[in-house]
Amino acid sequence: MENNILGLHHITAIADNARRNHHFYTKVLGLRMVKKTVNFDDPGTYHFYYGDEQGSPGTILTFFPWEGIGAGRTGNGMATDIGYSVPGGSLDFWAGRFKEFNIAQEEVKERFGEQFLSLRDPDGLNLDLIVPAHTDDRAPWVTGEVSNDVATRGFHSITLTVRKLDPTAAILTDILGYSLEAQEGNRYRFKTNTVENAAIVDILEDSEGRPGVNAAGTNHHVAFRVKDDNILMDYRERIARKGYNITPKIDRDYFYSLYFREPGGVLFELATDNPGFTRDEPLETLGSSLKLPKQYEPARARIEAVLPVL
């Protein structure tokens, strides 16, 4: 099992305002700021990582908060909905909390036998809080306002919206090891049996939908988890043999990555467990100070001067 894809590693999205994004995810949703760093290609922009206590794979939502970028549009060729696992009986708490903070939300619904509450973050990013069919025993990050009995446990699923099902489904099944588990209308549920949680990818087939536009309130890419960089490079060979253009191994400081675009247009990443987020600060103080990629350390004063105050 360890030589296979181990479900979701992280999801990366775009925001318009760093301070507003930080407030929503740490104060309203109650996630931990696991790492505060900068975009590798644009060091004048933050890169935020939110997750559980240690930033476990399968809990990590990251953001590029490009100030003033403006609203994007969800649509074909992108990941469109992020599903978080929450405990049974917690949806009333969350509905009340989002009403208190004037967060756009819908009525509780059911899909594939699971109740869920849909909402939009302040940039319009689609989130679903889902009560999973099985008991999710992952330990959550808790705060003074979000207690253990209601806190998010990490990812439940990700939804990919594409024009045609089959080409994207083939990547999931033939390369990444997922299997089709269920279908409701034009939504197809794929799952891996290598992990219990963060194991689901839904494909929404929308043959008439408009292409998505990447800006604030949209997902940039989806990362799948592998144990280490040896397995990562095995997957690189496998994907390249299928004829896909895949990047060389990239050192992202806290994991190693490969990127390729699947046929439906969604940017996929493969990311490793190693070396993890404690490589440059202790667990107790994760996310409390600005960490820079080593090539930007000589410019720290200049970078800190242009980053928004949180």
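Start with β7 (114-120), which gives the most to the lining of the largest pocket, with 4 residues. This is a predicted model: local features need pLDDT of at least 70, side-chain atom pairs count only at pLDDT 80 or more, and totals for chains, interfaces and linings use all residues. Residues are numbered from 1 along each chain as its sequence is written, and side-chain values use heavy atoms, without hydrogens and water.

Strands here are DSSP runs of E, at least two residues, numbered from the N terminus. A pocket is an open set of points on a 1 Å grid over the protein atoms alone, where a 1.4 Å probe fits, with protein on both sides within 12 Å along at least five of seven lines; lining residues have an atom within 4 Å of a point.

Now select D81, E106, S118, N126 and D128. Of the 23 lining residues, these lie nearest the centre of the largest pocket. Its volume is about 370 Å³, the space filled by probe spheres set on the points, which are joined across faces, edges and corners. The lining has 5 nonpolar, 9 polar and 9 charged residues; Asp, Glu, Lys and Arg count as charged, Ala, Val, Leu, Ile, Met, Phe, Trp, Tyr, Cys and Pro as nonpolar, the others as polar.

Next, the second largest pocket, at about 230 Å³. Pick D41, F64, H221, R252 and Y259, the closest to its centre of 16 lining residues. Charged residues number 3 here, beside 7 nonpolar and 6 polar.

Finish at β10 (179-184) and β11 (187-191), antiparallel and joined by 5 bridges. Find G185 in their hairpin: its phi is positive, near 60°.

Terms used
Two strands pair if DSSP finds at least two bridges between them.
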